[in-house]
Amino acid sequence: MNGGGVPGARTVAGFLLRQTTLRHWKSQPGRFVLLLGLLSLGVAVFLSMRLANRAAVASFSSFAGVLAQQSDATLQARAGTLPELFLGRMQRALESSGVDAGGSVELIPVVETVCAPLKGGETGQIGSGATYTVLGLDLVALHGLALREGLVGGWLELDSRKSGEGEESGAFNVLKRPEAVFCSKDLAERLNLKPGSRLGVVMHDRNVELEVAGVIPWRSDRVQAPENLLVMDLPALQALSGKPGRLDRVECVFPKAADGGEREIWMERLRAAAGGDSTLRTPESREAVGELMTRGFRLNLTILSMLALLVGLYLIFQALDAAVVRRRAEIGVLRALGVRDSEVRLAWLLEAALLGVGGGIVGVLGGWGLAQFTVRAVSKTVNALYYATNTRAASLHFGEALVAFGLAVGCSLLAGWIPASRAASTPPAQLWGSGAAAWSAPDDRVGAKAGFGLLVVALALAFCPPLTFAGGSRFALAGYLSALFGVIGAGMVAGDFLRVAAWMSSPFSKNSASRQIGNSHLRTPTSRHRWAAAGLLCAVSMTGGMAVLVSSFEKSVTEWIGRTLHADLYLTSNANQAANAFNRISPATWKAIVSGPEVVDWDALLMFPVELSAKRSAFGEADTLGKVRLSGVSLGFYQRRNQFSWVEAPKDGAVFEVGQNAGLCLVSEAFAERFHVRTRDSLEVPVQGGSRSLTIAGVYTDYGDDQGVVMVDRVHLQEWFQLEEVSTLSLVLTTGTDGEKLRAELKERYPGLAVFTNVHLRGEVMRIFRQTFSITYALEAIGVLVALVGLGITLASILAERQSELTTLRALGVTDGGIAALASWEGFVLALGGTLGGLLTSLALGGLLVYVINKQTFGWTLQLAIPVLPLALFGILVPLSGAGVAYFVGRYGADLPADRAS
Amino acid sequence: MKIVLSIACALASVFGLSVRSEAAPAGGAPPKLALRTSDGFSVPQPGAVFQFPRDHGAHRDFKVEWWYVTGHCYGPAGERYGFQSTFFRRAVTPLNLADKNRGGAFSSDEIFLSHAAISDAVTGRFVHSEDLARTGWNAGASEEGLSVFLGQSRLLQPDLNAERFQLDAKVGADSGFSFALEPEKRLVVFGENGVSRKGNSPTAASWYLTFPRLKLSGSLRVGGRVVPVVGTAWMDHEISSSQLASDQKGWDWAGIQLDDGREVMVYRLRRNDGSTDPASALSWVDKQGKATHQEAGLFLWESAGKWKSPLSGAEYPIPVKLKAVDPESGKTVEWVLEPLFKEQELDGAVSGVPYWEGACRVLQDGRSVGSAYVELTGYAGALGRALR
């Protein structure tokens with residue numbers, strides 16, 4: 001049998017593949033297509049989320065490379081902006097250190113702001129409007145760079161028309177016009193912008209009319225400028241954005257010949273020259289900041305996007321297992337003819353791999369297509385919570401596509417392994433025996449025990465701390481593993497839930513033979529039943545768990561805004577459509593508003609992103625900097641209006657008194673969690689041109705920020721940053737003032753401001769909150785859909801295996817409708833079992849998400865809230881859907897000729 | 001003369017300069033500068049009395065100004081190098097029209113352009129670079145004395161009480177030079193009554209101040225190799241607002257340092273029809289530094305060969321044959337200005353004006369009688385592309 005004349009395993013496996021697998025697929029293309037479709041759907045969903053995440057994060061990176069030369073490093077103030085004098089200082093320091101090194105570092109100063117297109121009418125939704133990222137760059141220097149780099153067009157030649165009688169025209173006109181702006185080719189085409197066209201934007205609290213001077217120069221082999229990018233001459237943007245004499249950052253370009261070692265030397269020189277008030281980052285680490293900020297959010301999406309794939313894994317497993325059962329006689333014949341175990345196993349694994357390859361290819365293509373839609377949803381959330389991104393398209397990334405493809409093949413092979421082993425190891429005599437029950441018996445107990453074991457491991461993992469990365473970022477690895485093991489473990493004990501479901505449904509089966517037959521199958525469930533229930537349990541538990549998290553979130557946020565939003569009107573710049581848009585209200589405007597006769601009390605918020613020193617990471621990396629928000633409010637106003645929800649309340653009232661709180665601060669819970677600090681700890685907080693030592697007086701709840709907030713009295717913050725502008729304004733109106741009327745008046749008087757009433761703002765907060773979870777709902781729905789289709793496939797294969805039983809039933813006079821009813825009942829009870837198990841698991845999963853994963857990822861304490869009604873509805877709808885799917889499968893199975901059983 | 005003429009010419013055509021004669025506004029430019037360009041810049045007038053060190057510095061009432069240093073230097077083993085470093089200042093807004101936001105780190109009032117080049121006669125390697133910056137943190141010029149810089153290149157008078165200069169220039173990524181310059185001869189003011197005319201137009205004129213011979217010492221870096229050098233330099237400072245007429249196509253210029261201790265500065269303005277513009281001139285500087293000016297008809301500039309640039313495609317008339325009447329002997333002398341090597345073209349990557357500017361030997365009857373720097377412009381297409 002194993003003689004030298006026998007062809008090798010691969011040859012035989014190929015023969016078997018052609019004669020069995022492909023023959024079966026040809027005879028039942030629908031089954032094959034459905035399976036392939038489900039696998040590719042799982043892969044597509046996963047890939048689309050990965051691509052969308054990548055696109056949204058990529059938009060955080062610097063634009064300098066698009067415009068001139070790829071920046072090698074970025075210098076930024078730890079707080080606020082850099083003075084222009086910084087450039088001269090850097091230049092001199094670099095000259096004195098770099099004369100002998102050959103070459104020099106090119107310094108490219110940058111001012112950056114986010115503004116919004118000018119739109120009239122009502123205050124719309126926060127974060128839903130388009131934004132432009134405006135870069136202020138020295139166009140003269142850039143012109144030289146562009147010419148040297150061979151870009152199409154320079155910056156100063158584009159404006160060659162006459163701008164007025166007696167006025168010069170030509171290259172330098174653009175420098176003389178403070179409103180001149182260059183836009184991307186795409187924006188120019190979309191809005192039909194030409195040199196001289198007007199482009200209205202909102203910057204700070206003003207409507208500004210810019211004049212298009214030309215299109216951003218480009219080169220065909222370079223990354224094109226993003227559509228939402230505008231470029232202005234640096235001093236013009238300094239004046240417009242209220243940053244006279246200040247810079248947001250300085251991009252540094254090293255000599256082209258600089259290799260790795262020399263780059264390190266240049267980095268050291270830059271660091272030494274820049275001093276301690278600024279941070280130096282490479283593009284990679286700058287991108288990493290964007291990744292760091294959104295890591296929790298993106299991980300959640302990635303993990304959820306794997307739901308469909310996980311459910312698909314169950315599905316492929318049971319589909320291949322069912323195929324082994326269906327073809328057992330055929331396998332028996334082959335084994336009897338001398339085909340070796342390894343050849344049989346290889347043939348089955350090849351079938352699984354083929355399925356994976358097909359699903360992978362279709363999934364990758366589908367995922368790329370799907371990403372074009374999901375990227376907008378992801379961008380919207382990133383925009384509202386983290387930073388400005390108007391990403392509208394996601395490109396196919398080879399690495400991501402490879403991972404998705406590998407996942408498809410890997411999952412298929414993993415799912416095919418046990419059926420392949422079973423086909424290879426079962427003796428031919430047993431293969432010729434009838435019934436699938438014999439196949440299910442051996443792993444029933446073992447599977448349940450393993451399942452319970454996994455549940456115990458999951459419980460233990462739930463108490464493990466998170467991994468900590470540089471910058472204070474944390475990853476709830478143990479929490480996620482706990483969730484995974486919990487869901488898989490619960491799936492493995494799903495057979496027990498089926499018994500419970502059969503027991504629960506038995507009172508309703510007394511008067512129906514078909515129901516009793518259906519119940520009888522589930523009292524001793526086959527592996528097929530168990531895996532179908534496990535798939536459903538997986539989908540239901542993850543969906544239910546997320547529902548618990550969302551409900552808990554909603555409850556906590558609702559209570560939080562109920563406590564914190566007490567003013568009647570809120571004002572901010574219309575351009576603040578993204579979380580990193582720091583447009584402000586000018587002193588003249590806000591002082592005029594708060595001095596109105598309708599205003600009885602008011603507060604203003606001023607905030608800055610700052611870099612803090614972080615604790616040493618768990619992996620022993622060097623100290624790094626973490627980005628947090630430094631906010632200034634009237635702490636007295638906050639106390640008067642009872643706007644704090646405390647995690648650790650201040651011991652006394654000093655922090656609320658301007659005269660006593662110069663050295664005190666409050667920190668958000670996320671900050672305290674991220675940097676492991678508590679009340680009475682001290683912080684060194686960077687401010688404009690230096691730092692301040694502050695003592696933490698209290699820790700408060702803040703669901704508006706997961707990076708952490710340090711809050712001080714605005715009076716001090718304005719002094720430290722020498723700034724009178726404010727970011728937002730909240731007004732408490734005199735009794736009897738019509739808030740809506742005043743809002744309309746203010747809108748008319750200050751068209752650059754967004755004015756919200758209390759009700760509107762609360763609504764917006766909740767809308768943004770729900771929008772954050774909108775993608776998760778879609779991902780869950782896909783997971784449940786896959787599970788339900790899986791249920792249908794399972795029942796179809798079960799009915800196919802039971803042809804003799806169906807023949808007997810038909811002989812006894814049971815009609816096709818009766819068989820369909822039998823299948824429907826069996827499907828209902830099967831779905832009920834999966835759903836019950838899923839709902840129970842979802843409660844545990846919800847607790848895990850709320851108390852462990854959320855807390856470790858975002859640092860927020862949430863109040864657990866069970867969404868009883870939605871879960872109950874879900875618990876009813878899923879079994880009913882199961883019954884519906886099973887009914888149609890029953891109709892199909894009833895007509896199935898006996899020869900299809902093989 | 002210098003390449004700035006080409007830039008000025010191009011700017012003139014782009015900006016459509018014209019002349020208007022009017023009294024200077026009260027509190028604006030010096031009263032004696034009555035003639036202004038249509039966009040309000042002063043025009044150099046005869047009879048100016050220069051005051052130093054102030055007049056070595058920037059003249060912000062004028063539109064165009066440049067500082068130009070060329071020279072010939074030698075390493076320890078006698079290896080020969082030529083070098084050029086030029087700083088151009090171009091005002092965008094006249095002083096008296098400037099707005100209140102004038103100045104700062106990113107001023108839009110002035111643009112600076114620098115050209116630098118090294119000619120390595122041993123290897124025949126020519127390295128050059130151009131930089132562009134607005135006045136502010138990365139470029140500027142003092143009005144108090146000579147201190148002009150762009151990026152890491154600078155020309156300055158470290159001590160305003162001592163007429164010595166320091167030149168540092170970066171040439172590309174791995175080359176540059178750092179020289180101490182000390183005049184060996186007093187400053188010369190070229191032109192009739194202090195004004196160097198460049199055409200018929202009343203504005204086509206400049207103040208043209210030159211140190212025709214300076215002692216040079218310092219170091220030069222070519223391709224990362226640092227070489228100590230000594231040699232002789234030539235330094236121009238020219239101030240103008242508009243110079244060229246529309247019928248002028250380009251010009252040829254040379255600064256010649258003869259071994260007998262005398263110098264010659266010559267420029268030939270070429271018209272579109274190929275003829276020599278009457279405003280062309282040649283000046284002799286004797287050993288004492290006294291200048292003698294000769295008009296266009298008293299000298300002859302001829303081509304003694306051709307060289308076609310593989311980069312720009314321009315065909316340059318090099319070597320050059322120059323005939324002039326020696327004021328000391330009254331005889332006509334004939335020199336051949338032969339380049340150390342021909343590939344000394346600056347590609348105009350930033351300015352948009354390719355031109356030839358290189359170190360030459362001065363040959364008389366086949367023997368070397370001095371060194372020269374020669375500039376040939378307007379051979380690579382229209383000058384109107386000055387700033388692309």
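User: Is His204(A) buried or exposed?
Analyst: This is a predicted model. In it, His204(A) is buried, with 23 other C-beta atoms within 10 Å. The cut-off for buried is 20 or more, so that count qualifies.

User: Where is His204(A)?
Analyst: In a loop of chain A, between S6 and strand S7 (206-215).

User: And what is its phi?
Analyst: His204(A) has a positive phi of about 55°, and it is not a glycine.

User: Why point that out?
Analyst: Most residues other than glycine have a negative phi.

User: What about Asn192(A), what phi does that have?
Analyst: Asn192(A) has a positive phi of about 55° and is not a glycine either. Its loop runs between helix H7 (185-190) and strand S6 (198-203) of chain A.

User: Buried or exposed, that Asn192(A)?
Analyst: Asn192(A) is exposed, with 8 other C-beta atoms within 10 Å. Exposed means 12 or fewer, so Asn192(A) falls in that class.

User: Switching to helices. How do H19(A) and H28(A) cross?
Analyst: H19 covers residues 513-523 of chain A and H28 covers residues 816-858 of chain A. Their axes come within 8 Å and cross at roughly 40°. That angle makes H19(A) oblique to H28(A).

User: Left-handed or right-handed?
Analyst: The crossing of H19(A) and H28(A) is right-handed.

User: Which residues make the contact?
Analyst: From H19(A), they include Ile517(A), Gly518(A) and Leu522(A). From H28(A), they include Ala821(A), Trp825(A) and Val829(A).

User: How many of the contact residues are nonpolar, polar and charged?
Analyst: Seven are nonpolar, five polar and two charged.

User: Now the largest nonpolar core. How many residues, and which touch the most other members?
Analyst: The core has 350 residues. Val43(A), Val181(A), Ile316(A), Cys665(A) and Val710(A) touch the most other members. H28(A) gives this core its largest share, 21 residues.

User: What is Val710(A) in contact with?
Analyst: Setting aside neighbours within four places in sequence, Val710(A) is in contact with Val628(A), Leu630(A), Cys665(A), Val667(A), Phe671(A), Leu683(A) and Val685(A). Cys665(A) is also among the residues that touch the most other core members.

User: On to chain B. What kind of peptide bond joins Phe52(B) and Pro53(B)?
Analyst: A cis one, with omega about 15°. Pro53(B) is in the loop between strand S2 (35-37) and strand S3 (64-74) of chain B.

User: And what joins Ile318(B) and Pro319(B)?
Analyst: A cis peptide bond, with omega about 5°. Pro319(B) lies in the loop between strand S22 (315-316) and strand S23 (320-325) of chain B.

Terms used. Residues numbered from 1 in each chain as written. Chains lettered and ligands numbered in written order. Predicted model: local features only at pLDDT ≥ 70, side-chain atom pairs only at ≥ 80, totals over all residues. Axes fitted to C-alpha atoms, helices over the stretch in contact; angles between N-to-C directions. Helix = DSSP H or I, 4+ residues; strand = E, 2+ residues; numbered from the N terminus. Parallel < 35°, antiparallel > 145°, perpendicular 65-115°, else oblique. Left-handed = near helix turned anticlockwise from the far one by under 90°. Contact = placed C-beta atoms within 7 Å. Nonpolar A, V, L, I, M, F, W, Y, C, P; charged D, E, K, R; others polar. Core = buried A, V, L, I, M, F, W, Y, C linked by C-beta atoms within 7 Å.
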